[in-house]
Amino acid sequence: MKADAIVIGAGIVGAACADALSREGLSVRVLESAFAGGGTTSRAMGHLVVMDDSEAQFTLTRRSREMWTDWAPELPASCEDQQGGTLWVAADDEELRAVAPKVEFYRARGVQAELLDARALAEAEPNLRPGLAGGMRVPEDRILYPPAAAKWLLERAGARGATLEERCEVTAVEPSRVQTRDGWTDTGFVIVAGGFTSARLLPGLRIEPRKGHLVISDRAPGFARHQLVELGYLTSAHGTHDGSALTRESVAFNLQPRATGQMLLGSSREFVDFDDSINSRLRDRMIRRALEYMPALAGLAAIRTWIGFRPCTPDNLPLIGAWGEAPGLFVATGHEGLGITTAPGTGELIADLVLGRRGALDPLPYAPHRAMDGHS
Amino acid sequence: MRASVTAAAVRCDIAVIGAGPAGLAAATRAAEAGKAVHVLDEGLGPGGQIWRPARVASNNSAAEDWLARFRRSGAMLHHGAAVFEMHRLGAAWMIVAECGGSRLEVTAPQVILAVGARERFLPFPGWTLPGVLGNGGAQALVKQGWNVEGKRVVVAGSGPLLLPVAATLAKAGARVAVVAEQAPMSALRRLAPALALRPGKLWEAAGYRRAFTRCGARYRTGWWVERAIGSNTVAEVVLTDGRRRETLSCDLLCVSYGLVPNLELPRSIGVASRAGYVAVDDGQRTDVAGIFVAGEPCGIAGVDAALAEGQIAGLAAAGRPVEGSLRRARRRGRSLGAAMEAAFSLRPELLRPPEPTTIVCRCEDVTAGEIDPAWSARQAKLSCRAGMGPCQGRVCGPALENLFGFAPDTVRSPLQPVAFSTLLTSDSEN
Amino acid sequence: MTREPIERVRIQLDGAAVDVASVGSLAAALLNAGVASFRQSVRGEARGPLCGMGICMECRVVVDGVLRRACVEPLRDGMVVETR
């Protein structure tokens, strides 16, 4: 029996697509080469954050955060869902001056944000070092545990009849059909949400692995209350607003208090293909950067380091939409460090495009053809 | 709060990780051959697990001889040094350890990993009660000065370790009620030919039996622990042979099932393993340039094999010829080790998942019922946190492997929990 | 078994001064002092030493403000120890 849609990849994005499509009444098969939520999704921080590096990014993150918030009451305990908010930290007066317009930007678009002065910052987070200028608090940002969230989305889709096949590798795709070891299978719509394998399946798709390090600590409940991010994170992750090229190697302070009471420390970015070794020098830079904001971190015990590869596009916006001229083939990938955050909006947009309707999100900024070889 | 500020960095010709028999032998031979040798060991003193320094005079002359020879050899020992990371530095290797809260870096072109083995724990109801320890664990603590006089002890599990542990406890004044070995007598009898080639072993075993039999203990084969019972500490243990049950009161239950090789460090630098052990060539070299492995990680085979392999590795790393007698000793030690492993192999009843409420991962309190046998170890870790805690799967990993069939996942730096500040290299300021 | 005269040291244990025989490791000293529970597990169970060789992490206690494995920690006069 022919499924209406085949989703390739059971990471957070594929899971969200399966959830959105099945909600519209489509029959969905999800094909995953390893196991659900085990790829890049399992390396991610799970920070659900509204980001303002561009209007299109803001729109997608805001819509997605709204959806995660709507779903929060249904999430099982395994998702470790928390609403603690994000605290963007301004190290000095120059950074603080840039915060007021940010707060306005968020508020004008209906997202709660507040300006904190030095004293308010210190009260909010006692372990930050004295002398920081202040910051912006976004209280409705959230945190969750990505592998569990992906599984939950797949279970929800499964309750509507979607099926998941793990250890099932897709070797080729064409509009409305996919090839596995069992041969070609026809379907209505193919959604390629396989992260980096998307590039193997769709020649001409340009996404680059942007490697990041994370270090998790022993339990230290209360050490931090918000997800703490330095304002320089935006430059590290998304380049500057003037469109200059993404930096090849950078670190930015980013600390997350997990539901277990462990502290998860990021972030680093480098382009080294798929070298999965730990770059001690860069990890050092990342830790030193963090110590500049939170010296007390020095005494916490680090348990483990891991790395992940963010699927990165040249303009830092994901690729969501039709691939090629013929109907029946879509792609949803390239989310860099916002895959968990924007999965719901991605799924919703894919469902809109598959059904040929205009929904809450304008698809144009995320149109995949901008990342095809031969296009600028 | 003590934060790590001081750091030390040394360079040498050959670094040895582990100061048990294999490491001491390797370092001694390499240093005697004129090489600059540094040894890192996380214990309180040299000797590893099997030659633990004890407050009472040791009657182990082999240990004393080797320790004395090691001290004369010129090799440097960093004790209390827990290696948490190792990586290539140009043509050499850098070993990073935490030593008393500070960072220690040892750089050498050649490294001998003599990291030994640890006990295999299999979960059963009540195994997390205070007073339930591994056999090696109990022996280690007694040698560290734990006073067990008058304590009623049950020794259980499997392996040649049970007898010497029972003897140590009896000598320390504990009342050993029983030694319960899960292997059937028929399997142990098959050891007799192998032991006959090594009469010293039989003599040793007889000595152990005498020691604890004096206090009324019995060595029972084909019996194992079904559960431990107690509220704050263990009070009773239920033993079974599959048909009958027997409940004994006790203050201390020592239970462990043989040894598993410590493969975390070799794996973390890409050393290949085969059938659960490190693959080495005739000179104890691995497939990773500059890396040698000796002793238990190459196969659980005991002291004699460890001494032979350690010497071979030390000589090979020092570029010296290896005596034929060492190769023969290695062969004999390995074949005895293989016979021991076969004789003490775990019976099917022990290889089934325990009751669903039994804790499997102690760091994260994950119970057997939360684990899906169809998962891989990585899936288990991501789905229910088994293996995500500070021990990084060293305790639950072998259990997950034996009971659920999961292959162990890779371990990442730091191999031990260390302060964030200890992760920082001394010279990177940019 | 030969018995030598054993020195004693004084440590702070959970806020109280305790005299213990000078033994090889903090874990042995705590066991001798009658400590059965070194830490509480994630679900609140009492836990004590298991492996005796520094790999299981069950015997970790706070020593002078830092979490240390008691079985590989040398006993020192004046240590401030907190079980968890």
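## Cis peptide bonds

A:Ser267 belongs to strand E16 (residues 262-270) of chain A. The structure is a predicted model, and in it the peptide bond between A:Gly266 and A:Ser267 is cis, with omega about 5°.

A cis bond is also found in chain B, where B:Ser413 is joined to B:Pro414 with omega near -5°. B:Pro414 is placed in the loop between H12 and strand E24 (418-419) of chain B.

## Model confidence

The model has an ipTM of 0.94 and a pTM of 0.92. For chain C the average pLDDT is 91, and 93% of the residues score at least 70.

## Helix H12 of chain B

Helix H12 of chain B spans residues 396-404. Seven of its nine residues are buried, so the helix is largely enclosed by the rest of the structure. The buried positions are B:Cys396, B:Gly397, B:Pro398, B:Ala399, B:Leu400, B:Leu403 and B:Phe404.

These buried residues pack against three elements of chain B, namely strand E9 (117-119), strand E18 (259-261) and strand E22 (359-361). After H12(B) comes B:Gly405, with a positive phi near 75°.

A:Asn316 is not a glycine, yet its phi is positive, at about 65°. The residue is located in the loop between strand E17 (301-312) and strand E18 (319-322) of chain A. With a relative accessible area of 2%, A:Asn316 is buried. A polar atom of the A:Asn316 side chain lies 3.3 Å from the backbone oxygen of A:Ala237. Leaving aside residues up to four places away in sequence, A:Asn316 touches A:Gln57, A:Arg210, A:Ala237, A:His238, A:Leu246 and A:Glu336.

C:Asp14, likewise not a glycine, has a positive phi of about 50°. This residue is found in the loop between strand E1 (8-13) and strand E2 (16-21) of chain C. C:Asp14 counts as partly exposed, because its relative accessibility is 44%, whereas A:Asn316 is buried.

## Aromatic pairs

Over all chains, the structure contains ten aromatic pairs. One of them joins A:Phe58 and A:Phe105: the ring centres are 5.1 Å apart and the planes stand at 90°, so the arrangement is edge-to-face. The pair links distant parts of the chain, with A:Phe58 in helix H2 (residues 55-71) and A:Phe105 in helix H3 (residues 93-108) of chain A, 47 residues apart. A:Phe58 is buried at a relative accessible area of 1%, while A:Phe105 is partly exposed at 22%.

A stacked arrangement is found for A:Phe253 and A:Tyr293, because their ring planes are at 15°, with the centres 5.0 Å apart. A:Phe253 is in strand E15 (residues 249-257) and A:Tyr293 in helix H8 (residues 280-293) of chain A, so the pair ties together parts that are 40 residues apart in sequence. Both partners are buried: the relative accessibility is 0% for A:Phe253 and 2% for A:Tyr293.

A:Phe58 and A:Phe105 also form one aromatic cluster together with A:Tyr106.

## Charges over aromatic rings

Two tryptophan rings of chain A are each faced by a charged residue. The charged end of A:Lys102 sits over the ring of A:Trp88, 5.4 Å from the ring centre. A:Arg156 lies over the face of A:Trp71, at 4.4 Å from the centre of the ring.

Definitions and conventions:
Residues numbered from 1 in each chain as written. Chains lettered and ligands numbered in written order. Predicted model: local features only at pLDDT ≥ 70, side-chain atom pairs only at ≥ 80, totals over all residues. Heavy atoms only, no water. Helix = DSSP H or I, 4+ residues; strand = E, 2+ residues; numbered from the N terminus. Buried < 20%, exposed > 50% of the residue type's maximum accessible area, 1.4 Å probe, protein only. Polar contact = N/O pair within 3.5 Å; in protein donor to acceptor, adjacent residues only side chain to side chain. Contact = heavy atoms within 4.5 Å. Phe/Tyr/Trp six-rings, centres within 6.5 Å; stacked < 30°, edge-to-face > 60°. Lys NZ or Arg CZ within 6 Å of the ring centre and 35° of its normal. pLDDT = per-residue confidence, 0-100.
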